[in-house]
Amino acid sequence: MKQRYKVAVVGAGWAGLAAAVQLARQAEVVLFEAGREAGGRARTVASRHGFSFLDNGQHLLLGAYRSVFALLQQAGADVSAQTRRGAMDWQMHGGLRLQTAALPVPWHLLWGVWRARGWSWRQKTALLRQMAALQAYQRSRAPDQTVGAWLQGQGADATLQAQFWQPLVLAALNTPVASASLRVLANVLADGVWNSRDGSDFCLPKTDLGQWFVAPILRDLAAHGGHFVPSVRVEGLARENGRYHIHGQDFDAVVVAVAPHQVARVLPEAWFVPQQAWFESLKYHAITTVYLRFRDRVMLPAPMLGLADGTAHWLIDRYPLNGAHEIAAVVSVSEQYGDYTPAQWQESICQDLRRVFPNLPEPEACQVITEKRATVASEAGRTLPDVSAWRAQKLYVAGDYLHPRYPATLEAAVQSGMAAARQCVEDLI
């Protein structure tokens with residue numbers, strides 16, 4: 001009989017969930033999580049004020065998140081019924097509105113730019129020229145540089161930067177333009193809007209991420225014999241006689257899928273020290289989501305409305321998702337506002353909304369959620385750690401911060417978890 005190996009996955013964020021559910025098809029898997037719930041930095045949060053549902057951030061997924069959708073399809077989830085999906089509708093308050101067209105690549109984008117409203121023909125031509133230059137850069141082996149330096153070299157005017165490039169960089173990389181990696185941005189566009197017509201589709205779950213992603217993945221894990229064990233903190237791994245001992249069980253291999261600032265507590269100190277400087281050099285950026293509920297619907301001009309010079313970068317109308325009279329305001333790199341109180345966040349976002357609706361009523365409820373380490377900064381010149389020595393010990397690491405091409409996104413997390421699972425299977429079987 002073929003030996004069935006036993007693998008522990010430490011950390012039940014999206015990377016850990018992806019690794020566990022893939023491994024369960026070929027090994028006995030136990031998924032450990034220090035918290036009471038799975039989901040990591042994209043998890044469901046209890047509402048204290050009667051909101052329809054809350055996550056620790058209003059997450060937008062793109063059509064290019066193919067690994068996320070493939071994993072859900074594999075798990076038998078009815079993704080189409082639980083997701084509001086539509087062609088990219090990029091609308092900035094008082095400025096650009098760009099919608100991709102139902103045409104083959106690249107005409108979907110070219111036609112979308114040409115018929116965009118709010119910009120002059122000169123600005124549209126400049127944007128297309130800059131996109132062509134970025135495509136050429138993406139295909140080249142030119143060294144990385146900051147998006148800010150590249151835009152300066154392109155002579156991008158203030159309007160182009162404020163209404164397109166800066167919102168794009170903040171949404172995709174959650175990193176200021178002045179330090180953001182041009183290479184990573186180019187990869188995101190190459191695999192998304194430049195690759196296929198539906199790659200730039202805006203996808204918003206109609207329910208919380210626990211029901212939308214976590215629950216079907218955990219059901220699929222259980223269906224294949226895997227076990228989810230919450231409220232267990234794994235620390236100080238040790239390998240003896242070729243096996244790891246965790247929570248009263250022995251394992252042939254371990255996938256560590258915790259946040260980067262938690263890796264040190266999981267690994268043996270001697271193994272971690274060679275990469276300690278790399279992990280300690282990581283910078284993080286916060287994301288704050290301000291949820292507001294109103295008595296009547298506050299209908300935005302578009303399901304997502306951008307603000308070029310507000311506190312919020314994006315306002316999202318939740319009514320099309322589930323009929324709730326709610327607005328979610330997303331603030332990238334939100335640490336720049338210091339220690340705002342919930343009342344200050346509410347007033348700042350209401351000021352943004354009053355620019356769109358001068359007679360905005362007072363909200364009935366507000367809940368503010370800040371993820372202080374939402375993402376590792378996607379800065380120019382970033383490197384990845386050499387973890388080959390860990391793999392030799394049947395220990396694998398996974399997480400969005402380890403993706404070689406992408407910023408810290410849900411798709412990067414899932415792809416990283418699947419890659420760690422593949423490495424583990426290759427080494428064991």
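Predicted model: local features only at pLDDT ≥ 70, side-chain atom pairs only at ≥ 80, totals over all residues.

Me: OK. What is phi of S231 near?
Reply: Phi of S231 is near 60°, which is a positive value in a residue other than glycine. K394 also isn't a glycine and has a positive phi of about 60°. You'll find K394 in the loop between α13 (388–391) and β18.

Me: Is S231 buried, exposed or partly exposed?
Reply: S231 is partly exposed, with a relative accessible area of 47%. Buried means under 20% relative accessible area, exposed means over 50%, and partly exposed is in between (1.4 Å probe, protein chains only).

Me: Which peptide bond is cis?
Reply: The one from V105 to P106 is cis, with omega near 0°. P106 sits in the loop between β6 (97–99) and α3 (107–114).

Me: Changing topic: how many salt bridges does the count come to?
Reply: The count comes to 20 salt bridges. The rule is a side-chain nitrogen of Lys or Arg within 4 Å of a carboxyl oxygen of Asp or Glu.

Me: Which residue does R405 form a salt bridge with?
Reply: R405 pairs with D191, and their closest N and O atoms are 2.7 Å apart. R405 lies in the loop between β18 (395–397) and α14 (410–428), and D191 lies in helix α7 (residues 182–191), so the pair ties together parts that are 214 residues apart in sequence. R405 is partly exposed at 29% relative accessible area, and D191 is partly exposed at 23%.

Me: And what about R355?
Reply: R355 forms a salt bridge with D309, with the closest N and O atoms 2.6 Å apart. R355 belongs to helix α12 (residues 342–356) and D309 to the loop between β14 (304–306) and β15 (314–317), so this pair ties together parts that are 46 residues apart in sequence. R355 is partly exposed, with a relative accessible area of 35%, whereas D309 counts as exposed at 59%.

Me: Which residue meets R354 in a salt bridge?
Reply: That's E347, at 3.2 Å from N to O. R354 is partly exposed, with a relative accessible area of 27%, and E347 counts as partly exposed at 36%. Elsewhere, salt bridges that share partners join R66, R85, D198 and D201 into one network.

Me: Now the inside. How many residues has the largest nonpolar core?
Reply: The largest nonpolar core has 49 residues, and those with the most contacts inside it are L98, L127, L134, F164, W165 and L185. Helix α6 (residues 158–173) gives the most to this core, with 7 residues. This core also draws at least three residues from each of domain 2 (98–196) and domain 3 (284–376), with the bounds coming from an automatic or database domain assignment.

Me: Which residues does W165 touch?
Reply: Not counting residues up to four places away in sequence, W165 touches L127, Q130, M131, L134, W150, L151, L160 and L185. Contact means heavy atoms within 4.5 Å.

Me: How many disulfides does the structure hold?
Reply: The structure holds 0 disulfides, a disulfide being a pair of cysteine sulfur atoms within 2.5 Å. The sulfur of C350 is 7.3 Å from the closest cysteine sulfur, in C366, too far for a bond. C350 is buried, with a relative accessible area of 2%.

Me: Last one: where does S67 lie?
Reply: S67 lies in helix α2 (residues 66–74). S67 is buried, at 16% relative accessible area, and touches E411, V414, Q415 and M418, leaving aside residues up to four places away in sequence.

Technical notes
Residues numbered from 1 in each chain as written. Heavy atoms only, no water. Helix = DSSP H or I, 4+ residues; strand = E, 2+ residues; numbered from the N terminus. Core = buried A, V, L, I, M, F, W, Y, C linked by side-chain atoms within 4.5 Å.
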